[in-house]
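The following note goes through a protein model point by point. Please keep the structure in view while reading.

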Amino acid sequence: MTFAEFKALHQRRQAEHLARHGTRLAERQEDSFDLVLYAVEGFYAETWRSRGEEHILFIHVFQKPTGLGDYLKLVRLPEAL
């Protein structure tokens, strides 16, 4: 599925596609939200939920690696490197 095709889907279908075909990469929290980052067929998708809730509020879709910046801050390499 292309980036444009995914964006054209209803949010419920996007979530289903992420569950079946997305690779869960990372999680983080921002303010009162739980975010989960997925890699999907050449692009990224980030689900936003109210903290502790299952219902997805929205899905942010992006292609450029600049959107990964908030997740890269969470990476901790071993001191031996």
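Predicted model: local features only at pLDDT ≥ 70, side-chain atom pairs only at ≥ 80, totals over all residues.

1. Tyr 44 has Phe 62 of β4 opposite it. Strands β3 and β4 pair in the antiparallel sense, over six bridges. Five residues lie between the two strands of this hairpin, where Gly 52 takes a positive phi near 85°.

2. The sheet as a whole comes next. It is open and consists of four strands in the order β1-β2-β3-β4, with antiparallel pairing. Strands β1 and β4 stand at the edges and have a single partner strand each, so one side of each is left without a neighbour in the sheet. On average, neighbouring strands are turned by 20° against each other, direction ignored. In the pairing of β2 with β3, eight bridges are found, again in the antiparallel sense. Within it, Leu 37 has Glu 46 of β3 as its bridge partner.

3. A helix accompanies the sheet. Helix α2, residues 11-21, lies across β1, β2, β3 and β4, and runs at about 70° to β4.

4. Which residues make up the largest nonpolar core? Its ten residues are Phe 6, Leu 18, Val 36, Tyr 38, Val 40, Phe 43, Ala 45, Ile 56, Ile 59 and Val 61. The elements that give two or more residues to this core are β2 (33-40), β3 (43-50) and β4 (56-62). Another core, of six residues, lies apart from it and includes Leu 37, Phe 62, Leu 68 and Tyr 71.

5. With neighbours within four places in sequence left aside, Val 40 is in contact with His 17, Leu 18, Gly 22 and Ala 45.

6. The aromatic residues form a further topic. The count comes to five aromatic pairs. In one of them, the ring centres of Phe 3 and Phe 43 are 5.7 Å apart and the planes stand at 80°; the pair is edge-to-face because an angle over 60 degrees counts as such. Phe 3 belongs to helix α1 (residues 3-8) and Phe 43 to strand β3, so the pair ties together parts that are 40 residues apart in sequence. Phe 43 has 1% relative accessibility and therefore counts as buried. Phe 3, Phe 6 and Phe 43 form one aromatic cluster.

7. Another pair joins Trp 48 and Phe 58. Their ring centres lie 5.1 Å apart with the planes at 20°, so the pair is stacked. Trp 48 is in strand β3 and Phe 58 in strand β4, so this pair ties together parts that are ten residues apart in sequence. Are the two residues buried or partly exposed? Trp 48 is buried, its relative accessible area being 12%, whereas Phe 58, at 37% relative accessibility, counts as partly exposed.

8. A charged residue also meets a ring. Arg 28 lies over the face of Tyr 71, at 4.9 Å from the ring centre.

9. Most residues other than glycine have a negative phi. Asp 31, however, has a positive phi near 50°; this residue lies in the loop between β1 (23-30) and β2. Its relative accessibility is 65%, so Asp 31 counts as exposed. Glu 41 likewise has a positive phi, of about 40°, although it is not a glycine. Glu 41 is found in the loop between β2 and β3, and at 42% relative accessibility it counts as partly exposed.

Conventions: Residues numbered from 1 in each chain as written. Heavy atoms only, no water. Core = buried A, V, L, I, M, F, W, Y, C linked by side-chain atoms within 4.5 Å. Buried < 20%, exposed > 50% of the residue type's maximum accessible area, 1.4 Å probe, protein only. Contact = heavy atoms within 4.5 Å. Phe/Tyr/Trp six-rings, centres within 6.5 Å; stacked < 30°, edge-to-face > 60°. Lys NZ or Arg CZ within 6 Å of the ring centre and 35° of its normal. Pairing = 2+ DSSP bridges. Axes fitted to C-alpha atoms, helices over the stretch in contact; angles between N-to-C directions.
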